[in-house]
Amino acid sequence: MPGYESKNRTSRWISVVFLQGAEADAVLGLIDRSGASAAFDYLQPRDLGEATTDAALENGYVYDRIPDGRTDHIIEHDGSPYALTYSRIYRYVSLLRWHPLKSVLEPAPTRPTPRRDDIWVAPRSTRLAQRTVTL
């Protein structure tokens, strides 16, 4: 089986979907009527694969463990990389997916460094002089 079953440090949890308020109430009602499996089936189609992973990485929704609080219920679906957390008190539902760490550690795109032959870049000594503060 994939690494999500071993829960070792080679993977992280990423947020797939987070619902609150009226949207969460609909899923909480589904859990009450049909059980957590129905909620998994309802929420899993919202996982768009790489697009979901990229959005979670970009927005910082990546966790070492399943985020939970005192009022949360956590359900891990057997044989699945998904976990469901929900709170009736705070009216929210969250679906998370276990994801390999190697993709999480890929560097995020940063501002490109200027080329040395770029005429618009001030010399390093000039840039440093502008940051000097005299007390």
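## Arg 97

Arg 97 sits in strand S5, which spans residues 92-100. The model is predicted. Arg 97 has a relative accessible area of 10%. That is under 20%, so Arg 97 counts as buried.

Two side-chain partners are found for this arginine. Asp 47 makes a polar contact with the Arg 97 side chain at 2.6 Å. Thr 53 makes another through its own side chain, at 3.0 Å.

Arg 12, Trp 13, Ile 14 and Val 16 are among them. Gly 49 and Thr 52 also touch Arg 97. So do Pro 81 and Tyr 82.

## Arg 91

Arg 91 belongs to the loop between strand S4 (82-87) and S5. Its phi is positive, at about 55°, although Arg 91 is not a glycine.

## Ser 87

Ser 87 is part of strand S4. Its relative accessibility is 0%, so Ser 87 counts as buried.

The Ser 87 side chain has a polar contact of 3.0 Å with the side chain of Thr 71. Not counting residues up to four places away in sequence, Ser 87 touches Leu 28, Thr 71, Asp 72 and Tyr 92.

## Nonpolar cores

Which residues touch the most other members of the largest nonpolar core? They are Val 27, Ile 31, Leu 43, Leu 84, Val 93 and Leu 95, out of 16 residues in that core. Several elements give two or more residues each: strand S1 (11-20), helix H1 (22-34), helix H2 (36-43), S4 and S5.

Leu 84 shows the contacts in detail. Not counting residues up to four places away in sequence, Leu 84 touches Ile 31, Ala 36, Ala 39, Phe 40 and Leu 43, among others. The list for Leu 84 also includes His 73, Ile 74, Ile 75, Val 93 and Ser 94.

A second core is separate and has 5 residues. Trp 13, Ile 66, Leu 96 and Trp 98 are among its members.

## Largest pocket

Rolling a probe the size of a water molecule over the atoms shows where empty space is left. The largest pocket holds about 280 Å³ of space. Its lining has 17 residues. Ser 15, Phe 18, Tyr 61, Tyr 63 and Ser 94 are the closest to the pocket centre. Ser 94 is also a contact of Leu 84.

Which elements supply at least two residues of this lining? S1, helix H3 (50-59) and S5 each do. By class, 10 lining residues are nonpolar, 5 are polar and 2 are charged.

## Overall fold

The protein has 5 helices and 5 strands. What is their order from the N terminus on? The elements run β-α-α-α-β-β-β-β-α-α.

Of the 135 residues in the protein, 33% are buried. Arg 97 and Ser 87 belong to the buried group. Among contacts with a separation of 6 or more, 69% join residues 24 or more positions apart.

Technical notes
Residues are numbered from 1 along each chain as its sequence is written. This is a predicted model: local features need pLDDT of at least 70, side-chain atom pairs count only at pLDDT 80 or more; totals for chains, interfaces and linings use all residues. Side-chain values use heavy atoms; hydrogens and water are left out. Helices (H or I, at least four residues) and strands (E, at least two) are DSSP runs, numbered from the N terminus. Buried means under 20% relative accessible area, exposed over 50%, partly exposed in between (1.4 Å probe, protein chains only). A polar contact is a pair of N or O atoms within 3.5 Å; within protein, one must be able to donate a hydrogen and the other to accept it, and residues adjacent in sequence count only if both atoms are side-chain atoms. Contact means heavy atoms within 4.5 Å. A nonpolar core is a set of buried Ala, Val, Leu, Ile, Met, Phe, Trp, Tyr and Cys residues joined through side-chain atoms within 4.5 Å. On a 1 Å grid over the protein atoms alone, a cavity is a set of points where a 1.4 Å probe fits but cannot get out, and a pocket is an open set with protein on both sides within 12 Å along at least five of seven lines; lining residues have an atom within 4 Å of a point. Grid points are joined across faces, edges and corners, and a volume is the space filled by probe spheres set on the points. Ala, Val, Leu, Ile, Met, Phe, Trp, Tyr, Cys and Pro count as nonpolar, Asp, Glu, Lys and Arg as charged, and the others, Gly among them, as polar.
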